[in-house]
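Hi,

Have a look at it first, then read on.

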Amino acid sequence: MTTTSETPSVPDSDVEKHQYDVVVIGAGGSGLRAAIAAHEAGARVALVCKSLLGKAHTVMAEGGAAAALGNLWPDDSWQVHFRDTMRGGKMLNNWRMAQLHAQEAPERVLELEDWGALFDRTKDGLISQRDFGGHRYARLAHVGDRTGLEMIRTLQQRAVQLGVEVFMECTITDLLKDGDRVSGAFGYWRETGRFITFDAPSIVLATGGIGKSFKVTSNSWEYTGDGHAMALRAGAKLINMEFVQFHPTGMVWPPSVKGLLVTESVRGDGGILKNSEGKRFMFDYIPEFFKSETADTEEEADRWYEDKKNNRRPPELLPRDEVARAINSEIKAGRGSEHGGVYLDIASRRTPEFIRKRLPSMYHQFKELADVDITVEAMEIGPTCHYVMGGVEVDADTELSGVEGLYAVGECSGGMHGSNRLGGNSLSDLLVFGRRAGESAAAYVAGLGAARPAVSDDDLAAARSFALKPFDPASGDNENPYKVQQDLQQTMNDLVGIIRTRAELESSLAEIEKLKVRAAHLKVEGQREYNPGWHLALDLHNMLLVSECIAKAALEREESRGGHTREDHPGFNEEWGTKNIVLSINSAGDGVDLATQPLPVMPDELAAFFEEGH
Amino acid sequence: MGYTLKMRLWRGDQSGGDLQDYDVEVETGEVVLDAIHRVQATQAGDLAVRWNCKAGKCGSCSAEINGKPRLMCMSRLSDYPETETITVTPMRTFPVIRDLVTDVSYNYEKAKELPYVELPPRDADGKRRMMQEDVERGQEFRKCIECFLCQNTCHVVRDHEENKKAFAGPRFFLRYAELDMHPLDTLDRRETTREQAGLGMCNITKCCTEVCPEGIHITDNAIIPMKERVVDKTYDPLVWLGNKIGIRNKDRDSRTEV
């Protein structure tokens with residue numbers, strides 16, 4: 001079949017037009033929270049999402065939302081949470097974001113309860129809190145291991161209750177500008193393929209991450225780096241893109257589930273890692289930086305679950321980057337499991353009742369998809385691409401990017417998590433900064449008065465013609481978008497994965513250039529109505545731009561820190577610990593330029609938390 | 001280890017369509033959605049299918065596999081003989097958009113009609129207290145991933161399009177039950193459940209419970225208790241008399257009727 005109904009020569013009259021104050025792109029946790037905040041601040045808000053409402057990647061988050069509520073450990077406080085977060089990120093975090101996050105997370109979680117969320121309880125009836133890696137105290141508010149579902153459902157129901165207008169299965173392909181300011185967004189309805197424009201002075205990017213550029217990933221199809229790439233093209237900057245988190249525990253078998261997440265709660269609730277020799281190997285991988293707070297004997301590690309004051313935490317609960325690297329080393333050394341992972345064992349350490357109660361979703365997932373009963377057998381797991389710490393550089397208090405009217409929040413923003421994110425800090429990040437972004441975006445519009453930026457017809461025509469190109473390619477163009485995507489995923493997995501070298505990164509950049517050329521020659525079959533091949537063809541451009549950012553920044557950073565490990569530059573480099581890598585679109589608009597800039601300086605009263613003895 | 005799977009997929013749109021045959025290479029350990037994705041990547045780039053998580057957590061990939069409403073990501077190929085042709089068709093109760101994708105907006109419209117949670121102020125220390133055994137009743141219902149397979153299979157709407165207006169369906173009876181069983185909620189929604197959501201139209205055939213991929217006991221734990229409470233309030237002569245002469249119904253005495 002070929003396209004018959006629509007070609008670029010058809011006039012623009014088929015573009016549906018809307019006017020709003022604030023358009024939020026993405027309806028996961030941060031987008032929903034931003035939309036709620038902007039609506040409550042009095043703005044006319046549109047919430048736009050690629051999938052149906054309630055299906056965003058947040059729904060897959062399992063463990064919990066980190067918040068120093070102090071329900072189990074009264075000594076917990078925002079200061080301890082702040083310190084854990086900064087140390088987890090190896091001090092590269094934007095300190096102000098880490099501070100606001102730690103201070104505001106408890107209220108954001110309690111607010112979810114006001115809106116109907118039913119968290120698990122302590123014996124006193126308060127919100128229960130669970131242990132996760134890198135957190136000194138049990139701190140994650142959770143619902144079994146389906147906290148993300150609870151959170152997205154609560155926010156979704158709240159947004160519907162308030163009457164926020166939702167544009168489901170609608171993809172935004174480009175941001176529009178009037179001079180230096182954002183003027184709106186352009187996209188299409190997935191169902192009909194018809195184009196749509198939002199005339200809006202405030203745009204909040206809440207598009208999530210980039211994981212679909214990697215072959216082994218825990219991410220959904222939507223994670224194609226749309227917000228990252230659109231922000232770049234609109235003139236905003238990305239920071240820290242080399243820091244990609246490989247979650248230590250993804251499923252490795254059967255092939256259909258490779259990469260699927262196994263929640264950190266398994267380790268938080270007592271699960272341990274073993275190699276093919278049956279050895280609990282994490283004790284061999286405790287880095288100097290965490291020695292003083294990590295148990296060095298199995299006895300102490302096991303005592304910690306009951307007595308956190310007088311024991312240090314088990315090495316299985318080191319931050320994710322450390323655990324992922326350790327697992328990778330064990331596999332490389334030939335001590336891996338049958339299917340190329342290692343063993344995660346909770347069956348021999350907890351009762352079947354405990355496991356089914358605390359980890360119902362994991363029990364179900366392994367039983368249904370791998371035919372493994374985790375109350376009886378160990379799980380086979382290995383690292384999987386999970387999260388990108390890097391993202392749009394924003395002001396910590398307002399989430400404003402470098403472009404007037406453009407805000408970014410959640411995984412698509414950068415800075416909060418430094419070089420490595422602690423588990424549980426994402427769900428709370430979404431809430432804290434989602435609210436802040438929504439409020440800032442609404443306040444900006446309120447201050448504009450009649451001086452609203454305007455959408456230009458030329459920009460619309462250009463966006464439209466770019467989007468339709470794969471239906472009417474030049475002669476000889478015949479690249480299959482699925483094939484290009486697969487090749488990109490393989491390249492990123494092989495050359496920009498968990499352990500990196502100069503030579504591999506250089507060849508990854510050469511490969512990405514070749515893929516960019518191929519992506520200019522895409523051809524899709526069928527018509528515009530609900531056509532996944534076409535949708536992927538458009539998403540691919542974003543994936544390629546973001547992949548280039550990751551590879552370029554990884555090549556530049558000659559040290560190992562957090563989610564970035566260079567085999568040829570092991571260990572921290574103090575000089576690299578003082579700056580961020582910043583990426584911006586190049587003058588031709590077909591690639592990225594790289595620069596470095598110093599980290600924001602932490603005020604003395606916060607810096608004191610990190611002095612000797614603390 | 002791999003073999004060639006024979007599939008029949010429904011291709012078409014609102015104007016019509018038919019089943020088309022595909023032969024696709026599959027591997028041990030794959031699920032129906034993997035096979036569909038391979039058809040898409042190699043033979044039919046425009047094959048429309050909804051999916052997100054591929055882990056049974058988002059409820060996007062609902063369809064009918066050999067006539068049974070299921071999630072494609074949770075349907076293992078090893079459950080079917082290698083020689084069997086697997087037929088995948090869109091959910092029957094909702095209008096087709098294209099191929100395996102249906103228009104499920106009915107559910108989102110119903111969601112807008114529901115009343116919401118109403119809690120009293122927090123305790124003096126700014127927190128709320130609920131006991132685990134009390135939140136667990138509602139938590140069972142909040143496991144719902146909104147795959148809409150229960151809505152699809154409920155014969156009140158499956159065979160009677162005209163009922164959609166007056167009938168919220170099992171997914172939303174779960175929501176009513178959850179709000180009703182919320183330990184702190186202050187509203188009594190029994191009238192709305194009966195009048196607005198059409199609870200009385202459900203005749204408890206348990207089809208919804210059978211297809212729930214989350215194993216929620218929709219009928220036994222949500223619908224039947226709700227029906228009992230509605231019946232008590234509306235039709236029990238003693239309760240009716242008590243209400244009439246001003247002796248308030250003891251069941252949820254402090255709740256406000258909506």
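Let me start with a charged cluster: A:Arg96, A:Glu104, A:Asp397, A:Arg435, A:Arg436 and A:Glu439 are linked in a network of salt bridges (a side-chain nitrogen of Lys or Arg within 4 Å of a carboxyl oxygen of Asp or Glu). Before the rest, some bookkeeping. This is a predicted model, so local features need pLDDT of at least 70 and side-chain atom pairs count only at pLDDT 80 or more, while totals for chains, interfaces and linings use all residues. Residues are numbered from 1 along each chain as its sequence is written, chains are lettered from A and ligands numbered from 1 in the order in which they are written, and side-chain values use heavy atoms, with hydrogens and water left out.

Over all chains, the count comes to 89 salt bridges. One of them pairs A:Asp269 with A:Arg358, with the closest N and O atoms 2.8 Å apart. A:Asp269 sits in the loop between helix H6 (265–268) and strand S14 (272–274) of chain A, and A:Arg358 in helix H9 (residues 352–358) of chain A, so the pair ties together parts that are 89 residues apart in sequence. Helices (H or I, at least four residues) and strands (E, at least two) are DSSP runs, numbered from the N terminus. A:Asp269 is buried, at a relative accessible area of 4%, whereas A:Arg358 is partly exposed at 22%. The cut-offs: buried is under 20% relative accessible area, exposed is over 50%, and partly exposed is in between (1.4 Å probe, protein chains only).

A:Arg280 and A:Glu298 also meet through their side chains in a salt bridge, at 3.9 Å, N to O. This pair links distant parts of the chain, 18 residues apart: A:Arg280 is in the loop between S14 and helix H7 (298–304) of chain A, and A:Glu298 is in helix H7 of chain A. Here A:Arg280 is buried, with a relative accessible area of 6%, and A:Glu298 is partly exposed, with 38%.

A:Glu513 is partly exposed, with a relative accessible area of 41%.

**Strands in chain A**

Strands count as paired if DSSP finds at least two bridges between them. Strand S2 (residues 22–25) of chain A runs parallel to S3(A), and four bridges join the two; A:Val24 has A:Leu47 as its bridge partner in S3(A). In strand S3 (residues 45–48) of chain A, A:Val45 and A:Leu47 point one way, A:Ala46 and A:Val48 the other way, and all are buried.

S8(A) and strand S9 (residues 181–189) of chain A pair in the antiparallel sense over eight bridges, with A:Ile172 opposite A:Gly187 in S9(A). Two residues lie between the strands of this hairpin, and A:Gly179 takes a positive phi near 65°. Strand S8 (residues 170–178) of chain A is mostly covered, with seven of its nine residues buried.

There is also an open sheet of four strands in chain A, ordered S17-S12-S19-S20, with antiparallel pairing. Its edge strands, each pairing on one side only, are strand S17 (391–392) and strand S20 (592–598) of chain A.

**Where the chains meet**

Contact (heavy atoms within 4.5 Å) takes 61 residues from chain B and 67 residues from chain A. The two chains bury about 5,300 Å² between them, 52% of it on carbon and sulfur atoms; buried area is the accessible area (1.4 Å probe) that two parts lose on being put together, summed over both. Eight salt bridges cross between chain B and chain A. A:Glu107 and B:Arg122 form a salt bridge through their side chains, at 3.1 Å, N to O. On the side of chain B that touches chain A, helix H1 (32–42), strand S6 (96–98), helix H2 (105–113), helix H3 (132–142) and H6 of chain B each supply at least two residues. The largest share, six residues, comes from H3(B).

Lastly, eleven of the eleven residues of helix H6 (residues 170–180) of chain B are buried, so this helix is largely enclosed by the rest of the structure.

Cheers
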